[in-house]
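User: I am new to this structure and would like to learn how to read it. Please start with a general idea and then show me the case at hand.

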Amino acid sequence: MKIIHIKDQEHEMILDPLCAAIGNFDGLHLGHQKLIAECKRHNYKSAVLTFYPHPYVYLKKIPKYKLITPIEHKSDILAKMGIDYLLIIEFNEAVAKLSKEAFIDWLKKLNIRACVCGYDFSFGRQTEGTIKDLQKEFEFYEVKKFIFEDVRVSSTYIRELLTLGEITKVNRLLGRVYSVRGRVKYGTQNGRLIGFPTANVEYNNYFIPANGVYFVTVQLDYKFYFGMCNIGNSPTFNFTPTTRLEVNIFGLDADIYGMQIEVFFYQKIRDELAYSSKDALVEQLIKDRKKCYLLSEAFNFTK
């Protein structure tokens, strides 16, 4: 997959005529996948045109808008889907102010011959452009709203589910296991003192699930491990107002500080709780670990 970064309408020349799926595609959920499948079905080279940072940074003035799939993660998923081109437009005030006519001209300069969009797609300043405007200028393919398990699949709905810790449903709507990538950084190391060392993951711009304990797997250097992940504020020892993502990786006894890992979330086990003593916390963690091993069997993993 060829990645082209576009800033201030400057970009390298694209010789291949493209069929482009256009949108933010945060999460790359089942609805997004339907658009991308339609894009690949036609005779042009397939492309995904997306925006970075997310338009809400400017349009809704949210400077640290959290994402289900930050751009690097999104790029890797799209590459596995077999997309030929990923066009990343740097979204800024100038882009936000483009008229619908100017935006359409820009698409033509990118050698886009056909567009695939969702039924509610809009573009241009104050979202003045609609799919009817695109239909006049391009071969156009509209994808209707995607209903799965009696709900409309959307990034907004998936965010709501993450906020509730409904990971199993999130995974069904994503069509894959939700995951977070990040480097392991130094933490308080309290877990090591009680026999449950944890990797403190720098999750950066990810929209992470609700506070609680989760059954996870962890990918490190192309190997997978079972584990349990705590998301929260460490209410029993050293409370912190900053939400932490810490993983106890089963069967791993190595220094992994500074290394990149990916944490795959399968099921929430319980809420994060405050315990009256270290012994009470350790007793609960032993129960959590046993439940994780049982879940690993239920998910048919090979130990």
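Analyst: A helix axis is here a line fitted to C-alpha atoms over the stretch in contact, and the angle between two axes is taken between N-to-C directions, from 0 to 180 degrees. Keep in mind that this is a predicted model. Two packed helices are described by the angle between their axes and the distance between the axes. In this model, helix 7 (residues 155-164) and helix 8 (residues 167-174) have axes that come within 8 Å and cross at roughly 155°.

User: How are helix 7 and helix 8 oriented to each other, roughly parallel or roughly antiparallel?

Analyst: Angles over 145 degrees count as roughly antiparallel. Helix 7 and helix 8 are therefore roughly antiparallel to each other. The crossing of helix 7 with helix 8 is left-handed.

User: Which residues of helix 7 and helix 8 meet?

Analyst: From helix 7 come Y157, I158, L161 and L162, and they meet I167, K169, V170, L173 and L174 of helix 8. Sorted by class, this contact has eight nonpolar residues, one charged residue and no polar ones.

User: How many bridges join strand 1 to strand 4?

Analyst: Five bridges join them, and the two strands run parallel. Within the pairing of these strands, K2 stands opposite Y85 in strand 4. Strand 2 and strand 3 (residues 45-52) also pair in the parallel sense, over five bridges. There, A20 stands opposite A47 in strand 3.

User: Is strand 2 (residues 18-22) buried or exposed?

Analyst: The cut-off for buried is under 20% relative accessible area. Five of the five residues of strand 2 are buried, so the strand is largely enclosed by the rest of the structure. Both of its faces are covered, with L18, A20 and I22 buried on one side and C19 and A21 buried on the other.

User: Which residues of helix 3 (residues 71-80) are buried?

Analyst: They are I71, H73, K74, S75, I77 and L78. Their cover includes strand 1 (2-6), helix 1 (30-40), strand 3, strand 4 (85-90), strand 11 (179-185) and strand 16 (260-270). After helix 3 comes G82, which has a positive phi near 85°.

User: What does I71 touch, leaving aside its neighbours within four places in sequence?

Analyst: I71 is in contact with T50, Y52 and I88. Its relative accessibility is 9%, so I71 counts as buried. From I71 to S179 is 14 Å in space, C-alpha to C-alpha, and 108 residues in sequence.

User: Where is D133 placed, and is D133 buried or exposed?

Analyst: D133 belongs to helix 6 (residues 131-137). Its relative accessible area is 12%, so D133 is buried. Not counting residues up to four places away in sequence, D133 touches K100, I104, F123 and E128.

Definitions and conventions. Residues are numbered from 1 along each chain as its sequence is written. This is a predicted model: local features need pLDDT of at least 70, side-chain atom pairs count only at pLDDT 80 or more; totals for chains, interfaces and linings use all residues. Side-chain values use heavy atoms; hydrogens and water are left out. Helices (H or I, at least four residues) and strands (E, at least two) are DSSP runs, numbered from the N terminus. Angles under 35 degrees count as roughly parallel, over 145 as roughly antiparallel, 65 to 115 as roughly perpendicular and the rest as oblique. A crossing is left-handed if the near helix is turned anticlockwise from the far one by less than a right angle, and right-handed if clockwise. Contact means heavy atoms within 4.5 Å. Ala, Val, Leu, Ile, Met, Phe, Trp, Tyr, Cys and Pro count as nonpolar, Asp, Glu, Lys and Arg as charged, and the others, Gly among them, as polar. Buried means under 20% relative accessible area, exposed over 50%, partly exposed in between (1.4 Å probe, protein chains only). Two strands pair if DSSP finds at least two bridges between them.
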